[in-house]
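Dear colleague,

I am passing on the structure below, together with notes on what came out of going through it.

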Amino acid sequence: MSIDSRMRATLAGLATATALLALLAIGSAGCGGSGSGTNMTTPYNDADAGPPTVTTGPYQPLTIGSTWAYHVDDQGVVYEKDSAVEALEDMGGMAAGIMGFRVRETVKASVQLTWYEVTATDVRRHHDTLSDGTGRQLSDEWYAPYLLRVDEAPEHLQTGATWTIDYMHTKTTSSKPTTTTNQSETWKVDGVDVVTATQAGVFNALRITRTDTSDGSTKTQWFVRGVGKVRELTGAGHFEELTSYNIAPAQ
């Protein structure tokens, strides 16, 4: 190899080494930092949140006229979601004879209606429908005897408490026939007075993690007395956080 060729090879090697060092420096700056910002696994920061607002009432208040607004980041797809309690009515269908609060949620271009029964110790979800922007129904779902929303039984308001619920899920879509499956969830209380900072305020929250026993998928939710759900994070990376709310007085 000539001297000129050796010099060119040496310079090329130095350029490659410099580029690799630059990449390593960038990677180091983005990993293991002690800054206060959020990260990929925890898209929120409750540190130094300040004193929480004192609230009272049920963990999921349902009164006609109550509203909640959420900022949602669904694996990089960002949008706002609005929820409102519209009515108290007989749920009909598989839950005929049971009175339920009808809650309307706007989810991007779709509208979901959900019916909830309120008992002395819990809130139970019985029925969902999903429609597109034109009002065309996309799906209809029933949960029997019910899918739990939140549980305030004394034994389920203790940190570390666990229990399992079983239910049948019946679903009909606009493109597929009706299917019914047996499903099961394990619930765990992660904490009872977890300081939680949101755009809507700082609260003491009941934090619950639900695990689908069929596939291991998880959903962690934070509920606040007199306010309702203030945060949600799934193992798949779906994140919601409360930005504003208004709880209407009971009628």
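Strand β1 (residues 67–74) and β12 run antiparallel and are joined by 8 bridges, where strands are DSSP runs of E of at least two residues, helices are DSSP runs of H or I of at least four residues, and both are numbered from the N terminus; two strands are taken as paired if DSSP finds at least two bridges between them. Within this pairing, Y70 has L242 in β12 as its bridge partner. The pairing belongs to a closed barrel of 12 strands, which runs β1-β2-β3-β4-β5-β6-β7-β8-β9-β10-β11-β12 with antiparallel pairing. From one strand to the next the twist averages 25°, with axes as lines fitted to C-alpha atoms (for helices over the stretch in contact) and angles running from 0 to 180 degrees between N-to-C directions.

Before going further, please keep in mind that this is a predicted model, in which local features need pLDDT of at least 70 and side-chain atom pairs count only at pLDDT 80 or more, while totals for chains, interfaces and linings use all residues. Residues are numbered from 1 along each chain as its sequence is written, and side-chain values use heavy atoms, with hydrogens and water left out.

The mean pLDDT (the predictor's confidence in each residue, from 0 to 100) of the protein chain is 87, and 84% of its residues reach 70 or more. Over residues 1–40, however, pLDDT stays under 50, and the model has 5 contacts beyond four places in sequence for that stretch, a contact being heavy atoms within 4.5 Å. The protein chain has 1 helix and 12 strands, in the order α-β-β-β-β-β-β-β-β-β-β-β-β along the sequence. Among its contacts with a separation of 6 or more, 46% are between residues 24 or more positions apart.

β9 is joined to strand β10 (residues 218–224) by 6 bridges, and the two run antiparallel; here L206 stands opposite F223 in β10. F223 also stands opposite K229 in β11, and β10 and β11 are antiparallel with 6 bridges between them. These two strands form a hairpin with 3 residues between them, and G226 in the turn has a positive phi of about 75°. Strand β11 (residues 228–234) is joined to β12 by 3 bridges, again antiparallel, with E240 in β12 as the bridge partner of E232. The hairpin of β11 and β12 likewise has 3 residues between the strands, and G237 takes a positive phi near 100° there.

As to burial (buried means under 20% relative accessible area, exposed over 50% and partly exposed in between, with a 1.4 Å probe and protein chains only), 39% of the 251 residues in the protein chain are buried. In β11, 7 of the 7 residues are buried, so the strand is largely enclosed by the rest of the structure.

Turning to the rings, the count comes to 5 aromatic pairs, where rings of Phe, Tyr and Trp (its six-membered ring) pair if their centres lie within 6.5 Å, and planes under 30 degrees apart count as stacked, over 60 as edge-to-face and the rest as tilted. The pair of F203 and Y245 is edge-to-face, because the ring centres are 6.3 Å apart and the planes stand at 65°. This pair links distant parts of the chain, with F203 in strand β9 (residues 201–212) and Y245 in strand β12 (residues 238–246), 42 residues apart. F203 counts as buried at 1% relative accessibility, whereas Y245, at 33%, counts as partly exposed.

Y44, W222 and F239 are linked by ring pairs into a cluster. The charged end of R231 sits over the ring of Y44, 3.9 Å from its centre, and R231 also lies over the face of W222, at 5.0 Å from the ring centre; the rule requires NZ of Lys or CZ of Arg within 6 Å of the ring centre and within 35 degrees of the ring normal.

Finally, D46 lies in the loop between α1 (3–30) and β1. Leaving aside neighbours within four places in sequence, D46 is in contact with V195, T196, A197 and R231. The C-alpha atoms of D46 and T196 are separated by 5.7 Å, although these residues are 150 apart along the chain.

With kind regards
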